[in-house]
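Subject: Structure handover

Hello,

Here is the structure for your work on the ligand site. My notes follow below it.

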Amino acid sequence: MTGQRRTALVTGGGSGIGRAIALRLAEDGFATAVLDLDTEAAERVAAEARQKGHASLAVGGVDVSDRARVDEAVRQVRDALGPVLVLVNNAGVSATEGFLRITDTSWNRIMAVNLNGPFYFCQAVVPGMKKAGWGRIVNISSSSAQSGQPYMTHYVASKAGLIGLTKSLALELGPAGITVNTIPPGFVDTPMLRASEERGFLGGSVDHHAELTPVRRAGRPEDIAAACAFLVSEEAGYVTGQVIGVNGGRNT
Ligand code: NAD
């Protein structure tokens, strides 16, 4: 495949970290599929990439927890841009709730989006990657799964599950030329983080926490995109099953 344009699909590509990853992979020469539940957001990001001269398709209105929609979306991307050889499972939802207050509905929703979604997408794209003898999967987990986080048991459990999925799948797919890695971001300035700040769930402002971070700033979505760009590159072929923290030194 060297020299040919490969297709990358980024879930949750309409906002924050996913947006930065989609735009970075477009800059790096991938045809990008920007998939999001939020149709307008997906379209905005795909249009941004196209304005810069890159091939990009918005796939809006897709809930990653709906297997039938996931399969349909992957088919749509394959028909328009070719097989998905790079998958970035980034879409995620968070919630802050005391453990005893977590309902089945809340627990199941977080698991469905953060863990079932990546499971469905991996099953949908791996056959095409195997056929090509090449693939890159990057799962966006969370540094909270490394450290634990009070009042986020469901979220942290879902992200820890994603780390386990990454490690096991990497071992299974290595012989097929497919790498699987996870980036657990820590404290990245996105709409998700700002929403937590507004609701008082951060235990202080973003600025306050930036001062406590070893590199003395909050993360930028582009920091995560840069690590992702490396992991999906040709030269990262010997990196698989790894947890690549990008967190300003907050977790070591
Ligand atoms: P964000 O809320 O800014 O963006 C998330 C995007 O995912 C949105 O565009 C949203 O519409 C989309 N999305 C949500 N549910 C979806 C669904 N069911 N189907 C399809 N799309 C859906 O969040 P962000 O901060 O950019 O987070 C991106 C990822 O990084 C998430 O998985 C999050 O858990 C993880 N993360 C973020 C931080 C941080 O500090 N911001 C830290 C650790 C992990």
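Predicted model: local features only at pLDDT ≥ 70, side-chain atom pairs only at ≥ 80, totals over all residues.

The largest pocket holds about 1,300 Å³ of space. Its lining consists of 48 residues, and S94, Y155, T190, M192 and L193 are the ones nearest the centre. Two or more lining residues come from each of α1, β2 (31–36), α4, α5 (144–147), α6 and α7. Of these, α7 contributes the most to the lining, with five residues. Sorted by class, the lining has 22 nonpolar, 19 polar and seven charged residues.

Now the ligand itself. It is surrounded by 27 residues, with S15, D36, Y155, V188 and T190 the closest. That shell divides into 14 nonpolar, nine polar and four charged residues. Helices α1 (16–27), α4 (104–132), α6 (153–173) and α7 (191–198) each provide at least two residues of the shell.

- T190: a polar side-chain atom is 2.5 Å from an oxygen atom of the ligand.
- Y155: a polar side-chain atom is 2.6 Å from an oxygen atom of the ligand.
- V64: a polar backbone atom is 3.0 Å from a nitrogen atom of the ligand.

As for burial, the ligand taken alone exposes 830 Å², and the protein buries 90% of that.

Regards

Technical notes. Residues numbered from 1 in each chain as written. Heavy atoms only, no water. Near = heavy atom within 4 Å. Polar contact = N/O pair within 3.5 Å; in protein donor to acceptor, adjacent residues only side chain to side chain. Areas by Shrake-Rupley, 256 points an atom, 1.4 Å probe, with all protein chains shown as cover. Helix = DSSP H or I, 4+ residues; strand = E, 2+ residues; numbered from the N terminus. Nonpolar A, V, L, I, M, F, W, Y, C, P; charged D, E, K, R; others polar. 1 Å grid on protein atoms, 1.4 Å probe; cavity = no way out; pocket = protein on both sides within 12 Å on 5 of 7 lines; lining within 4 Å. Points joined across faces, edges and corners; volume = space filled by probe spheres on them.
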